[in-house]
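Biologist: I'd like to learn how to read a few local features in a model. Could you take me through some, one by one?

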Amino acid sequence: MAKRGEHRFAIGVDYGTNSVRAVVVDVADGSEVATSVFPYPSGDHGVILDPKNPNLARQNPADYVEGFYRSVRGAIRAVPRDVGFLPEHVIGIGIDTTGSTPLPVDQDGMPLAFRKQFQNHPAAQAWLWKDHTSYQEANEITEKARAMGLPYLAKCGGTYSSEWFWSKILHCCRAHPKVFQAAYAWVELADFVPGFITGNLKPETLPRSICAAGHKAMYHESWGGLPAEEFLAALDPDLVKVRRRYADRALPSDREAGRLDPAVAKKVGLPAGIPVAVGAFDAHMGAVGAGIKPGTLVKIIGTSTCDMMVVPLDQEIPDIPGLCGIVPHSIVPGMYGLEAGQSAVGDIFHWFVQHLTPAAYTAKGDPHANLTRQAETLKPGESGLLALDWNNGNRTILVDPLLTGCLVGQTLATTAPEIYRALVEATAFGALTIIKRFEEYGAEVKEVVNCGGIAEKNPFVMQIYADVCNRPMKISRAAQTCALGAAVFGAVVGGAYPSVERAQQRMTGTKSVVFRPRKAAAEIYAELYSLYRRLHDAFGLPNAQLELYDVMKRLIAIRKRVRGEK
């Protein structure tokens, strides 16, 4: 291990939807000294799909194991010679993953997909966060908890989601009983990876993340941890065994999951025995890497978004309808972690480019860049278009996977850049809806810090977000904010800092560039947002009884006014 006066480093490993990335970080200031990316080789960009079932999204657990070996080994080899790095200077490792991404495992904690008879069975793979095959089971869990008068939904927004732990497992139990019966237990990806690399996989004692358990598995200490056996048995008696093979207490990520296993250490070129932090979800660690604190909303913008806030434990906060959880210690230990988000953002832009963009924008160069150049020339309201951002359902505040996308106002003159801009604006309107929900329940948003690939690389999107939300948009200093957040926890368990907050003060920050709202644009977007909310509520809320007759006409009126037409 590093001696006093020597450089010390932490490694953050970020398991995303399409790849795993490892970064080597100097714990003195959070600077990234090396990185390596391993794209998942299985499926379509790492995702196992079914053309007959658009709700299905799975991943091969073998990609996770190989991804750790390849990304960490690659990052270590990529460290420049002049930074004073030696493998023994690594003091800690942190892991973040997508979630809820549960996988069925055997009695030793190894994935069922590693067995020959299950290696090609989709249900034996990891059930990726965006798998929505269990939407009926999610509704059933919601209704059962309400009917039995149980509090389990209070801390996760009042509605259980098909993206979450129990609904996916219940669906497997019913739709794929052979896989379910062969599984000894189920574990989250965020728990599996730290367990695997520390040799600590036994399901009953595997350190379980409070982040995963609290936000996705209805875990809360006020009712004794996971939901009671009686409730799970009312859904299906077979769920009881899943609960019994889950650790009694979930842990925050400033706790050790174990020490790096010698066999794993040898494969990646590190000494054995390095402390490994308890895992957590990518967005939650990304919030830490972006410097989250009370009053700061961190938006992790990628294929989807997660919107994170923290509130001190001594501050009273009500249960907030539609949120993905209010969980003590899930982001920053010692604070409530509040999670919201959108089920698709970058995925919407990608869908439009892949399926609906004319050849003029795809034949040469990056189609996103080509569309952006044209879309940037448009003024707010000029297209007469208004879209809903529900192409993959709604995560917050409606929590409904059966909602779909919508585009209003198109004519025979509508162009691809106009639609592209309307889709970007729709995701910004969805972001504003989340901000308003936080503030309606007393969680004041004093600043917004954005991170992720879109925030890092797309000023067009960030300016629209600033205009729509009518508040400045800051950008996290780190290009790989989620991996940095994981490295922060690695630094804490490695003893470099006594707390996450102290580590954040030295290791995180924002860039000098700030996207500020433009007054004229914000005024137009306020008009458009009022129309968006009418569509949002009319299609998203039961018995809304909202009049939509004038929506198209108002869009035309705004378009004419912006264009200066008489």
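Biologist: Where is the place of Gln545?

Modeller: Gln545 sits in the loop between α19 (519–540) and α20 (551–563). Helices (H or I, at least four residues) and strands (E, at least two) are DSSP runs, numbered from the N terminus. This is a predicted model, where local features need pLDDT of at least 70 and side-chain atom pairs count only at pLDDT 80 or more, while totals for chains, interfaces and linings use all residues. Residues are numbered from 1 along each chain as its sequence is written, and side-chain values use heavy atoms, with hydrogens and water left out.

Biologist: What is phi of Gln545 near?

Modeller: Most residues other than glycine have a negative phi. Gln545, which is not a glycine, has a positive phi near 55°. Gln545 is also exposed, at 73% relative accessibility; exposed is over 50% relative accessible area, buried under 20% and partly exposed in between (1.4 Å probe, protein chains only).

Biologist: And Asn470: is it buried or exposed?

Modeller: Asn470 is exposed, with a relative accessible area of 52%. Asn470 lies in the loop between α16 and β22 (473–476), and its phi is positive, about 55°, although it is not a glycine.

Biologist: What about peptide bonds: which one ends at Ser100, and is it cis or trans?

Modeller: Most peptide bonds are trans. The bond from Gly99 to Ser100 is cis, with omega near 5°, and Ser100 falls in the loop between β6 (90–97) and β7 (102–105). Another cis bond runs from Thr396 to Ile397, with omega near 15°. Ile397 belongs to the loop between β19 (386–388) and β20 (406–408).

Biologist: Now helices. At roughly what angle do the axes of α14 and α16 cross?

Modeller: Axes are lines fitted to C-alpha atoms, for helices over the stretch in contact, with angles from 0 to 180 degrees between N-to-C directions. The axes of α14 (residues 416–440) and α16 (residues 459–469) come within 9 Å and cross at roughly 45°. The two helices are therefore oblique to each other (under 35 degrees is roughly parallel, over 145 roughly antiparallel, 65 to 115 roughly perpendicular, and the rest oblique). Their crossing is right-handed: the near helix is turned clockwise from the far one by less than a right angle.

Biologist: Which residues meet there?

Modeller: Contact means heavy atoms within 4.5 Å. Among those in α14 are Tyr420, Val424, Phe429 and Leu432, and the α16 side includes Phe460, Ile464 and Val468. The residues of this contact divide into 13 nonpolar, one polar and two charged (Ala, Val, Leu, Ile, Met, Phe, Trp, Tyr, Cys and Pro count as nonpolar, Asp, Glu, Lys and Arg as charged, the others, Gly among them, as polar).

Biologist: Last one: which residues of α18 are buried?

Modeller: An α-helix has 3.6 residues a turn, so residues three or four places apart point the same way. In α18 (residues 500–507), Val500, Ala503, Gln504 and Met507 are buried. They cover an arc of only 105° around the axis, which puts them on the same side of α18; the arc is that of the directions from the helix axis to the C-beta atoms. These buried residues pack against β2 (19–26), α10 (282–289) and α17 (481–493).
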